[in-house]
Amino acid sequence: MGRRSGVLEFAVLGLLHDAPMHGYELRKRLNVLLGSFRAFSYGTLYPCLKSLVAQGFLVEDNPDVEYVPATALNGKRSKIVYRLSAEGKQRFEELLADSGPDAWEDEHFGVHFAFFGQTDRAVRMRVLEGRRSRLEERLERMRNSLARARERFDDYTVELQRHGLESVEREVRWLNELIETERANRTGRTGPSAGATGPATPKTSDGRGQEDGSADPPGPPYDRPGRSSQER
């Protein structure tokens with residue numbers, strides 16, 4: 001199975017893991033969730049579905065109804081609903097756990113990231129760090145290429161290469177933020193990078209923590225630093 005068909009297999013199994021659906025709805029979900037798949041036609045999707053059925057990963061809930069093409073008379077066609085088999089669920093779990101070099105490539109990474117909510121944290125970290133490493137290698141090549149392009153090509157070609165370079169640099173920064181968030185969550189640290197929400201515990205003027213609604217520390221106001229002249 002080629003790389004592109006393997007990506008489609010992963011995406012199909014992942015979407016059907018949420019709920020059974022027919023081919024038309026599945027294709028719509030692919031287009032919404034994974035924009036890079038807009039180029040996939042029914043002529044690509046349905047052979048993939050049939051292959052997954054033949055491998056025992058999918059089950060057709062209406063397999064005996066023959067396909068009826070839409071016509072002016074009937075206005076519709078039969079729909080076969082696809083759902084994961086037990087083997088299909090196991091196959092999806094195997095694909096989720098894959099954090100090797102293929103998962104770092106452009107198309108594979110997008111699909112892996114789409115299902116990160118169902119992926120083990122350690123696998124997420126390996127995929128993110130691997131993707132960053134792959135892009136850093138690409139950045140080095142692109143910078144070298146841009147340096148040569150300034151001497152050999154016109155301004156428009158150079159600008160096109162610079163645009164590509166900046167796009168990769170932005171993704172590396174984004175990956176750095178994601179990796180920092182994963183590390184913060186793993187170590188239990190709080191803060192914006194760890195996704196902490198809600199206000200921090202209020203502090204008294206001497207730096208001690210104070211719960212909402214609790215009384216001021218003992219002593220008259222003028223005994224505490226930080227008070228304005230109106231308060232004293």
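## Overall content

Contact here means heavy atoms within 4.5 Å. Among contacts in the protein chain between residues at least 6 apart in sequence, 56% join residues at least 24 apart. The model is predicted.

The protein chain has 232 residues, and buried residues account for 31% of them. Its secondary structure consists of seven helices and three strands. Along the sequence these elements follow the pattern α-β-α-α-β-β-α-α-α-α.

## The sheet

Strands of a sheet pair through backbone hydrogen bonds, either parallel or antiparallel. In this model three strands form an open sheet with antiparallel pairing, in the order S1-S3-S2. Strand S1 (21-22) and strand S2 (58-60) are the edge strands, each pairing on one side only.

Two bridges join S1 to strand S3 (residues 81-84) in the antiparallel sense. Met21 stands opposite Tyr82 in S3.

## Packing of H5 and H6

Two packed helices are described by the angle between their axes and the distance between the axes. For helix H5 (residues 106-114) and helix H6 (residues 121-152), the angle is about 150 degrees and the axes are 11 Å apart. Angles over 145 degrees count as roughly antiparallel, so H5 and H6 are roughly antiparallel to each other. Their crossing is left-handed.

On the H5 side, the contact is made by Asp106, Phe109 and Phe113; on the H6 side, Val127, Leu128, Arg131 and Arg138 take part. The residues of this contact of H5 with H6 comprise four nonpolar and three charged, with no polar ones.

Methods: Residues are numbered from 1 along each chain as its sequence is written. This is a predicted model: local features need pLDDT of at least 70, side-chain atom pairs count only at pLDDT 80 or more; totals for chains, interfaces and linings use all residues. Side-chain values use heavy atoms; hydrogens and water are left out. Axes are lines fitted to C-alpha atoms, for helices over the stretch in contact, and angles run from 0 to 180 degrees between N-to-C directions. Helices (H or I, at least four residues) and strands (E, at least two) are DSSP runs, numbered from the N terminus. Angles under 35 degrees count as roughly parallel, over 145 as roughly antiparallel, 65 to 115 as roughly perpendicular and the rest as oblique. A crossing is left-handed if the near helix is turned anticlockwise from the far one by less than a right angle, and right-handed if clockwise. Ala, Val, Leu, Ile, Met, Phe, Trp, Tyr, Cys and Pro count as nonpolar, Asp, Glu, Lys and Arg as charged, and the others, Gly among them, as polar. Two strands pair if DSSP finds at least two bridges between them. Buried means under 20% relative accessible area, exposed over 50%, partly exposed in between (1.4 Å probe, protein chains only).
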